[in-house]
Amino acid sequence: EEEVRLAEEQRRLEKRGPQVEGPAPAPDDESVDESEEDEDSSEDEQTKKSALAESVFPLPDMLSNEDEFYHVQQGVVCTYRYLVGAKHPAPSNLGTATYLEQAKALIDSEAIMDRNNRPKNLPSVTNKPMRFLLVVAPDIFMTLDALQRDLRPLLSRPDAVGDALLVGTPGLPHTVWPAGRFGARKLGNVNNSLQATCVEQLLVHLKNRDRLPRDKDLRIIFLGFGNGACCLAKFASRHLTERAQALADVKSSTVAMILVNAYFSANGLKKKAKTLHRVLASAVKAERVMAIESMHLSPEFINEHGREKVCKEFWQARKFVIVGEAPEELIKSARRPAKETGPQGAMAQLRGILDHDDVRPVLNRIVVPLVLLQSSHSTFVDSDLAVNALEKARVDRAPSAASAVRTGGTIYSYEEVDCGHEMNQENRKIIATTVFDVLRASVDEEEETTVVSLDDPPKSFLSYAS
């Protein structure tokens, strides 16, 4: 290319002939130098080529939280977004700490210096907001745009500074996954094993490049929806166990794993996955839309708020990547238009459900609390699938999410929510409440209840009698 460019430049100079010094041409002169036209055309061609290259190979924009790409292995590319919460001003403690708070800080200073006896409650003098990281795995028909829209409010609170890592597992828009046949067990299918590998390698990649927070008091919460919950369960059975050391610091900072509409095996889902795959593969667009809406949204929620309003919010951030209604400019600039603008990604994940590894035998190896939120009106995942699996694995059950976090270890809590499969739209308040209940329980100690004997007479607090 360099030789061709030099030859064209030499040919252009010979055509122009010797240069003659003279006054510059008038602005109104219609005669334009041919060399300037050639140079302008070459610059335009270079600009078009660079624009085409950026459209074919999009560059990540950190300021606008665009998708970033990570090459996991041959033929597998996942995407991710790292959302940073709102910056809070540095707290000023001048004149705000009372005498009792100052005295408590002085008393706790010796314990703070001793790492073995460091208290969980930070001294109130520091007035430091809590720092947490939310690692999110989406469901089959979710997109990172929808997750960013729904989870962004969780990151901006005065008492907690939060970041969110949205993991685009294979099958989501702009990802690359291996080809596989329906129902065939083949190494590399889009199953929970491959998706767990993507989550693990992405965390290692970001940790090695100092993209994850390094705060000593950082609290990590994993949040999974549907198929993403099964992926996180497989990830936890591998890397959040007593023997696993690859992500030891992540394991020590993890306080809980919140699983929404979780399942741990393909039992009970094979027929539904095949039916939905058949609809996406052969039905017309109206039937696809109807099948997806009936799977995610409950009739009670639609009747209460109106179908038009509910469906508009549901499809706002995911319609063009599910039913193939992408803008024309996006289709031209996409590297893999068929996978990025149609239902092929969702179909690949439905095929992967039949190839899921059964996580039920290894649930008792997970050493972080599992907080289950199951929808009572979900038509895709039965609400009792996850609970029955944990009971058969002999995992202890806590009465609440806060109790499970305070206890720690291999334990779970269960709560049934009155909504459809798309809990993130029908009852997203319960998700936010659960996240902050888990964070609060990781800091606060459980209050000890004192049982007063009826045989002892009540004593006044002014009495010094023993």
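Which elements cover the buried residues of H16? The close-up views below, taken from a predicted model, begin with this helix.

**View 1. Helix H16 and its buried side.** Helix H16 comprises residues 385-392, and its buried residues are Ala386, Val387, Ala389 and Leu390. These four span an arc of only 165° around the axis, which places them on the same side of H16. The cover over the buried residues of H16 includes S8, strand S9 (396-397) and strand S10 (411-417).

**View 2. Arg394, after the end of H16.** Arg394 follows H16 and lies in the loop between H16 and S9. Its phi is positive, about 60°, although Arg394 is not a glycine. Most residues other than glycine have a negative phi. Is Arg394 buried or exposed? Arg394 counts as exposed because its relative accessibility is 78%, and the cut-off for exposed is over 50%.

**View 3. Asp210, another loop residue with a positive phi.** Asp210 is located in the loop between helix H5 (192-208) and strand S6 (219-225). Asp210 is not a glycine, yet its phi is positive, at about 55°. With a relative accessibility of 51%, Asp210 counts as exposed.

**View 4. Pro369, a buried loop residue.** Pro369 belongs to the loop between helix H15 (344-353) and strand S8 (370-375). Its relative accessibility is 4%, so Pro369 counts as buried; the cut-off for buried is under 20%. Which residues does Pro369 touch, when those up to four places away in sequence are not counted? Pro369 touches Val255, Ala256, Met257, Ala404, Val405, Gly408, Gly409 and Ile411. Pro369 and Arg406 are 37 residues apart in sequence, while their C-alpha atoms are 9.2 Å apart in space.

**View 5. Helix H8 and its two sides.** Helix H8 consists of 13 residues, 270-282. At 1.5 Å a residue H8 should span 18 Å, and this agrees with its end C-alpha atoms, which are 18 Å apart. The buried residues in H8 are Ala273, Leu276, His277 and Leu280. Viewed down the axis of H8, the buried residues fall within an arc of 105°, so they line one face of the helix. An α-helix has 3.6 residues a turn, so residues three or four places apart point the same way. The buried residues of H8 pack against helix H9 (285-296) and H15. On the other side of H8, the exposed residues are Lys271, Arg278 and Ser282.

View 6. Strand S2 runs over residues 76-84. Why is S2 described as largely enclosed by the rest of the structure? Eight of its nine residues are buried, so the rest of the structure largely encloses S2. Strand S1 (residues 68-73) pairs with S2 in the antiparallel sense over five bridges, and Val77 in S2 is the bridge partner of His71. Two residues separate S1 and S2, which form a hairpin. Gly75, in the turn of this hairpin, has a positive phi of about 85°. S2 also pairs with strand S5 (residues 160-168), in the antiparallel sense and over six bridges. Here the bridge partner of Arg81 is Leu166 in S5. In a regular strand the side chains alternate between the two faces of the sheet.

Notes
Residues numbered from 1 in each chain as written. Predicted model: local features only at pLDDT ≥ 70, side-chain atom pairs only at ≥ 80, totals over all residues. Heavy atoms only, no water. Buried < 20%, exposed > 50% of the residue type's maximum accessible area, 1.4 Å probe, protein only. Contact = heavy atoms within 4.5 Å. Pairing = 2+ DSSP bridges. Arc of directions from axis to C-beta. Expected span 1.5 Å × (residues − 1).
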